[in-house]
Amino acid sequence: MEQFFDLNNVQNTQKVCTATLYLEPNQFVWYQWIWSRKQIITWVIFTEELIAHYKDTKSNTFFSQLISLKQKGSIMEHIEEFQKLHIRVKNIPEEHRIDVFIGILKDNIQHDVGLWEPHSLEKAFRLAIKMESIIMATRKHTTHNYKDGSVVAPNIL
């Protein structure tokens, strides 16, 4: 909102009114409750109250969503979903973030990425992308890979 206000030269007296237009219904109920108690709400009061009210509950909600996320589509789609939730979750050490990411991958990718023991999320992302491409290439080459009645092992590398 601050960026929006700066770009549109919104006056301090209009900030609260403008921000309330973007509240979800349950947040608007919260705003009405605050307004009924304080009558005058400046932008500073509004932001302080908003942060105090939603900080812990939203952080916990985003963390719960993050750890219950499961890869359904491609690895790139999954990484984007992970990143959307990840940026909203604070105070988690990097090694735990890596463990969470690996733990919510599809089983076949999860296993392979875990074997490499990545030390950063970026490395885990790159490994997951690489593992998915290897799996996809293997599937393409193994559908009719028969020779003299015996199965020929796929060439992974």
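Me: First up, how much of the protein counts as buried?
Reply: Of its 157 residues, 29% are buried, meaning under 20% relative accessible area with a 1.4 Å probe, counting protein chains only. Keep in mind that this is a predicted model, where local features need pLDDT of at least 70, side-chain atom pairs count only at pLDDT 80 or more, and totals for chains, interfaces and linings use all residues. Residues are numbered from 1 along each chain as its sequence is written, and side-chain values use heavy atoms, with hydrogens and water left out.

Me: Switching topic, which elements does the protein have, and in what order?
Reply: Eight helices and two strands, running α-α-α-α-α-α-α-α-β-β from the N terminus. Those are DSSP runs: H or I of at least four residues for helices, E of at least two for strands.

Me: What about asparagine 9, where is it found?
Reply: Asparagine 9 is in the loop between α1 (2–7) and α2 (12–20). Its phi is positive, about 50°, although it is not a glycine.

Me: Is asparagine 9 buried or exposed?
Reply: Exposed, at 62% relative accessibility; the cut-off for that is over 50%.

Me: OK, and where does glutamate 117 lie?
Reply: In the loop between α7 (107–115) and α8 (121–142). Glutamate 117 has a positive phi too, near 45°, and it is exposed, with a relative accessible area of 56%.
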